[in-house]
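Please keep the sequence and the structure in view while reading.

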Amino acid sequence: MQSLIDRGLVVQTRPGTVPMRKSYLSDSKGVQVGTWWDDISMIRGWSHEKTGFATQKPSALLERIIRATSEPGDLVGDFFCGSGVTGTVAEHLGRRWIMADLGRFAIHTSRKSLIEAQRELHASEKSYRAFDIYNLGRYERQWWQKASLKGADEEHRRVVLEFFQAEMLQNVPSPLIHGRKNGAFCHVASIDSMFSRQDASAVARAAAAAGGRECYCLAWEFEMDLRLTVAALEQELVVKLKLVQIPREIMERNRKSPPPFLEMAVLEAEPVYRGKGKEDRLVDLKLTKFLPSLAEVPTKELQALKERAVKSGFDFIDFWAVDFDWHPNKPFNHHWQDYRTRKDRSLKTVSEAGRQYAKPGKYTACVKVVDVFGCDTSITVEVKI
Ligand SMILES: C[S@@+](CC[C@H](N)C(=O)[O-])C[C@H]1O[C@@H](n2cnc3c(N)ncnc32)[C@H](O)[C@@H]1O
């Protein structure tokens with residue numbers, strides 16, 4: 001007792017009261033964690049980390065799991081990532097990570113959360129890594145192809161053209177021309193391919209050779225930057241290609257009435273140069289046009305949204321980012337980004353990165369937009385220094 005008193009570890013709040021021993025948390029070894037973790041509170045309405053994702057887990061919970069089971073540099077996987085807490089905490093703790101989810105909202109929420117983590121790490125001068133998002137599976141389509149179409153490309157074309165209310169041509173002028181609608185030709189890309197620049201060129205040439213002036217290109221997915229190719233082909237061959245997304249509703253069982261077929265999103269951007277000479281030239285990118293694809297919108301709301309999209313397409317952007325030095329087959333670097341949050345709905349349309357390039361020359365910047373429906377659209381923009 002004397003030794004404790006000498007070390008100032010005994011306190012008596014008033015004379016006559018029972019003396020008490022002071023103990024410091026830092027001297028305590030703690031209690032080994034059990035199998036019932038009720039010391040971490042759930043995400044509540046007022047939690048600052050709340051993203052709006054219904055099943056979000058608290059980051060303190062993931063931090064405990066990740067610290068207990070891995071070392072810095074290890075690879076953490078969460079294949080049902082939801083709001084992306086696992087990857088975000090892993091990034092903060094210096095682990096590498098892979099996440100997957102089949103929900104678009106989950107992917108988008110995770111992306112925002114990781115960008116937030118990058119910003120925080122950057123602000124505290126810690127390193128962070130670039131990440132990329134890939135669309136790997138076409139499960140619903142593959143199932144439909146097997147179960148309903150019996151795998152046949154011919155049957156796929158027939159169904160797509162029927163829903164598109166186009167006539168299927170019997171004597172085709174080219175194997176790339178499959179139908180006709182109101183005087184325009186129709187091309188249906190195969191079910192498991194992405195409509196590429198080469199495809200666009202081949203279809204435009206086939207349509208021109210057959211004397212066509214307009215051709216609908218119906219596909220499930222389109223390669224990035226197709227608009228530029230399409231504009232060039234239109235000039236060269238005087239054939240207008242209309243890029244139309246095949247709507248997923250046609251896979252619905254017992255679907256008889258045609259769902260709307262809509263043209264794919266339009267995105268345009270241009271560089272903004274500041275500074276005088278080449279050496280101190282600062283580059284930013286300006287969004288000049290965005291028209292979302294309304295392919296995911298319920299038919300009831302389509303007309304109203306169409307009008308709004310034409311009038312103010314930027315209202316439909318939820319997030320956009322710029323990689324100022326983009327290379328094909330390399331991950332997209334989020335050099336600059338802006339997005340709407342639940343509290344702040346404003347969005348800049350000119351980046352504020354003030355990018356300085358080391359050497360004069362030509363560079364390719366990539367602009368990625370994610371709209372309020374969760375759809376990604378990207379284009380490249382040439383930057384000349
Ligand atoms: C309970 S939530 C995960 C919540 C997450 N731990 C968080 O903190 O936000 C489960 C997630 O699994 C996804 N999911 C369900 N089945 C899946 C599958 N077969 N492949 C990938 N993701 C799937 C759902 O979309 C959902 O986002």
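How many Å apart do the C-alpha centres of domain 1 and domain 2 lie? In this predicted model, the distance between these two centres is 39 Å. The domain assignment of the protein chain places domain 1 at residues 59–123 and domain 2 at residues 139–251. It also gives domain 3, which covers residues 265–384.

The ligand may be considered next. Around the ligand stand F53, T55, Q56, K57, F79, F80, C81, G82, S83, V85, D101 and L102. Sorted by class, this shell comprises 6 nonpolar residues, 4 polar residues and 2 charged residues.

S83 instead uses its side chain, where a polar atom lies 2.7 Å from an oxygen atom of the ligand. For D101, an N or O atom of the side chain is 2.6 Å from a ligand oxygen. On its own, the ligand has 600 Å² of accessible area, of which the protein covers 66%.

The reader may now turn to a pair of strands. Strand β15 spans residues 362–371 and strand β16 spans residues 376–384. The two strands pair in the antiparallel sense, with 9 bridges between them. Within this pairing, V367 is found opposite I379 of β16. Together β15 and β16 make a hairpin, with 4 residues separating the strands. In the turn, G374 has a positive phi of about 85 degrees.

Definitions and conventions
Residues are numbered from 1 along each chain as its sequence is written. This is a predicted model: local features need pLDDT of at least 70, side-chain atom pairs count only at pLDDT 80 or more; totals for chains, interfaces and linings use all residues. Side-chain values use heavy atoms; hydrogens and water are left out. A residue is near a molecule or strand if one of its heavy atoms lies within 4 Å of it. A polar contact is a pair of N or O atoms within 3.5 Å; within protein, one must be able to donate a hydrogen and the other to accept it, and residues adjacent in sequence count only if both atoms are side-chain atoms. Accessible areas come from the Shrake-Rupley method with a 1.4 Å probe; for residues, only the protein chains shown count as cover. Ala, Val, Leu, Ile, Met, Phe, Trp, Tyr, Cys and Pro count as nonpolar, Asp, Glu, Lys and Arg as charged, and the others, Gly among them, as polar. Two strands pair if DSSP finds at least two bridges between them. Domain bounds come from an automatic or database domain assignment.
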